[in-house]
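Please look through the sequence and the 3D structure shown here, and keep both at hand while reading the explanation that comes after them.

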Amino acid sequence: MTLNLVVTVALTFLGLLFVTFIIGRVVPIDPVLAIVGDRAPEHVVERVRIELGLDLPLYEQFAIYVWDVLQGDLGESVLTANPVLEDIKRVFPATLELATVATLFGVLLGVPMGVLAAVNQGRWPDQVIRVVGLLGYSIPVFWLGLMGLLLFYATLDLVPGPGRLNFIYDDMVDPVTGVLLIDSAMAGEWDIFWNAASHLVLPSVILGYFSLAYISRMTRSFMLEQLSQEYITTARVKGVKEWRVIWVHALGNVWVPLVTVIALSYANLLEGSVLTEIVFAWPGLGFYLTQSLLNADMNAVLGATMVVGAVFIGINLLSDLLYKLLDPRAR
């Protein structure tokens, strides 16, 4: 089983590399011209093309690409003139922080809402929660983010503006982990900690709303299935208190498949926070990817895309392992 798992992960990662390689070859952007400019002499263009190995057959280019990636070489960013991997190490913690807080928001509210909807199936609490979930699927995140800034920042002044920190706190904390809440707490800079937390509230709630909609819907579905099982009827007949039947027996069995749902939601937020980061000027991976794409920086675009795919694979693998750990029947 372990060998099969390793082979599956390796083949999936190889497929990811193949997809990113093909994307880099079919997009209507010449990586050579992105480096030297469209006014460079022909001999300079040809020399750079040879240096990049773009004159080689595609299978050789792919082999070189795979070898470089395995060595941690994602190329150099045209926009920042830094190695792409270094740029990703710098911006990814911001996305990780935002997606993690958003997922916590989605889980802490989405699971109880799903349970409440299932227990009150067909009644008004169920209808309200289903409408809230439907809106979460329907409203564009960029519109919700703009409306949130307009109301809570520009009008009510309840939250700070875009960005991760007020500019007066920039570069005042050493980036040990890159996650501002952790780094500021470790340094004992509580003013910076609370300022970072206040900047995180609105974008994480906006992003977490979509996680809440997905998790509450799936929790409701799982709970309805469990509440119709015979062991629930038996527990009620034996006189077990209703809250224990719902929150211990039924929800206890729901957590097993729900782990996979939460993991997928977390992965989706990590890769799907692009619009949220743009609206809130959040200096994360999505913002970096967008700026790189607008500037035809294909090394950065492909590197960021590959990292997102690798994270998705890793989270799915972790969810499978947790599923087997929580449910002995899946071992």
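The paragraphs below go through some helices, the contacts between them, and a few single residues. The model is a predicted one, and this should be kept in mind throughout.

Which residues of α7 are buried? They are V141, L144, G145, G148 and L149, and what covers them includes α9 as well as α12, the helix of residues 274-279. An α-helix has 3.6 residues a turn, so residues three or four places apart point the same way. Just after α7 comes D157, which takes a positive phi of about 55°.

Two packed helices are described by the angle between their axes and the distance between the axes. For α7 and α9, the axes come within 10 Å and cross at roughly 145°, and the crossing is right-handed. On the α7 side the residues that meet α9 are V141, L144, G145, G148, L149 and F152, while on the α9 side they are L202, I206, Y209 and F210. Sorted by class, the residues of this contact of α7 with α9 divide into 8 nonpolar, 2 polar and no charged.

Helix α9, which covers residues 190-227, also packs against α8, the helix of residues 180-187, at an angle of about 165° and with the axes 8 Å apart. Angles over 145 degrees count as roughly antiparallel, and α8 and α9 are therefore roughly antiparallel to each other. In this pair, α8 passes α9 in a left-handed crossing. The contact is made by L180, L181, S184 and A185 of α8, together with W190, I192, F193, A196, A197 and L200 of α9. How many residues of each class does the contact of α8 with α9 have? There are 9 nonpolar residues, 1 polar residue and no charged ones.

The loop between α7 and α8 holds P162, which is partly exposed, with a relative accessible area of 39%. Not counting residues up to four places away in sequence, P162 touches L149, Y153, H199, F280 and A281; of these, L149 is also one of the buried residues of α7. The C-alpha atoms of P162 and T12, which are 150 residues apart along the chain, are separated by 37 Å.

Is D87 buried or exposed? Its relative accessibility is 1%, and because buried means under 20% relative accessible area, D87 counts as buried. Leaving out residues up to four places away in sequence, D87 touches S77, T80, N82 and Y288. Y288 belongs to helix α13, residues 285-294, where L285, G286, Y288, T290 and S292 are buried. Just after α13, A296 takes a positive phi of about 55°.

Finally, T305 has its place in helix α14, residues 298-326, and T305 is partly exposed, with a relative accessible area of 29%. Apart from its neighbours within four places in sequence, T305 is in contact with T20 and L289. The C-alpha atoms of T305 and T219, 86 residues apart along the chain, are separated by 30 Å.

Terms used: Residues numbered from 1 in each chain as written. Predicted model: local features only at pLDDT ≥ 70, side-chain atom pairs only at ≥ 80, totals over all residues. Heavy atoms only, no water. Axes fitted to C-alpha atoms, helices over the stretch in contact; angles between N-to-C directions. Helix = DSSP H or I, 4+ residues; strand = E, 2+ residues; numbered from the N terminus. Parallel < 35°, antiparallel > 145°, perpendicular 65-115°, else oblique. Left-handed = near helix turned anticlockwise from the far one by under 90°. Contact = heavy atoms within 4.5 Å. Nonpolar A, V, L, I, M, F, W, Y, C, P; charged D, E, K, R; others polar. Buried < 20%, exposed > 50% of the residue type's maximum accessible area, 1.4 Å probe, protein only.
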